[in-house]
Amino acid sequence: MTAEGLPPPFRLVAYDTIGSTNDELKRLAREGAGDGLVVTAARQTAGRGRRGRSWTAPLGNLYTSILSRPQCRAAIAAQLGFVTSLGVADAIAELAPAVALRCKWPNDLLANGKKVCGILLETEMAAGDQPDFVIIGIGVNLVSSPRDTLYPATSLAEEGVPGMTPASVNAALVRHFADWLASWREGGFAPIREAWLSRAAGLGGPIQVRLERDTFQGRFVDLDNDGALLLDMPSGFRRVAAGEVFPVAA
Ligand code: BTN
């Protein structure tokens with residue numbers, strides 16, 4: 001273990017303030033940094049979320065990015081989002097067992113139904129169809145959460161678990177991520193898919209899917225082998241590879 005409690009091959013570079021841990025890790029990866037480098041920051045001034053959104057990053061929450069150099073096709077590397085969700089879910093379950101945690105497709109975590117963690121995967125390609133590297137950026141709301149978000153947000157403190165430090169959550173997260181990564185490398189997507197489905201929010205019920213130019217509803221019945229959502233709709237089954245999901249108001 002490193003002094004910060006990370007198992008090999010993970011090692012930490014910790015900043016006080018930085019633009020975005022994803023951007024800094026990308027810079028280090030382009031300079032040749034190896035698999036397993038982790039960059040954290042106490043604050044980010046230009047934190048990024050999915051779909052070009054910003055990720056507000058005040059002091060006290062966790063902002064961390066993990067460098068992965070998977071030896072596989074890009075479509076397979078995208079499964080790392082589910083591997084990461086499971087790692088974060090297990091870390092929170094270990095440190096805050098009273099919080100009801102669910103995985104929200106594709107890569108968010110909900111605490112008591114509100115978003116507590118977001119994951120941003122950024123892939124840079126090498127020649128052919130193989131990524132040179134994947135940056136896995138993770139934000140976990142420990143002490144505060146933004147208002148006025150598309151999906152309601154919360155923090156562990158707001159859910160009754162104060163006192164979580166970014167360093168301790170990061171160490172637990174990397175440990176559990178390492179375990180799920182080993183399971184993915186040995187068993188492929190099957191064990192990941194099964195574990196993710198057992199923690200999935202809204203499985204079996206109606207959900208709303210919003211695409212850029214379309215919004216529709218269906219019953220969330222499964223996740224396919226590529227991590228796409230399978231919906232049962234009056235018109236038949238529909239596979240959704242990208243989009244945002246919301247609960248359907250009763
Ligand atoms: C999302 O839900 O939109 C993804 C949010 C990802 C935020 C994290 S915070 C650490 C890392 N650095 C960034 O700039 N973004 C990710």
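**Figure legends for the predicted model**

**View 1. Contacts, dimensions and surface of the whole chain.** Among contacts (heavy atoms within 4.5 Å) with a separation of 6 or more in the chain, 63% are made by residues 24 or more positions apart. The structure is a predicted model, in which local features need pLDDT of at least 70, side-chain atom pairs count only at pLDDT 80 or more, and totals for chains, interfaces and linings use all residues. Residues are numbered from 1 along each chain as its sequence is written, and side-chain values use heavy atoms, with hydrogens and water left out. Along the principal axes, the C-alpha atoms fill a box of roughly 55 × 45 × 30 Å.

**View 2. Strand S7 and its two partners.** The chain contains five helices and 12 strands, defined as DSSP runs (helices H or I, at least four residues; strands E, at least two) and numbered from the N terminus. Strand S7 (residues 131-140) is largely enclosed by the rest of the structure, because nine of its 10 residues are buried. Buried means under 20% relative accessible area, with a 1.4 Å probe and protein chains only; by this criterion, 51% of the 250 residues of the chain are buried. Strand S3 (residues 62-68) pairs with S7 in the antiparallel sense over seven bridges, where pairing requires that DSSP find at least two bridges between two strands. Leu-62 stands opposite Val-140 in S7.

**View 3. The hairpin of S6 and S7.** Strand S6 (residues 114-125) runs antiparallel to S7, and nine bridges join them. Met-125 stands opposite Pro-131 in S7. Five residues lie between the strands of this hairpin, in which Gly-128 takes a positive phi near 75°.

**View 4. The open sheet of five strands.** The strand order is S11-S10-S9-S8-S12, with antiparallel pairing. Strand S11 (236-240) and strand S12 (244-247) are the edge strands, each pairing on one side only. Within the sheet, strand S9 (residues 215-223) and strand S10 (residues 229-233) pair over four bridges. Asp-222 has Leu-230 in S10 as its bridge partner.

Conventions:
Buried < 20%, exposed > 50% of the residue type's maximum accessible area, 1.4 Å probe, protein only.
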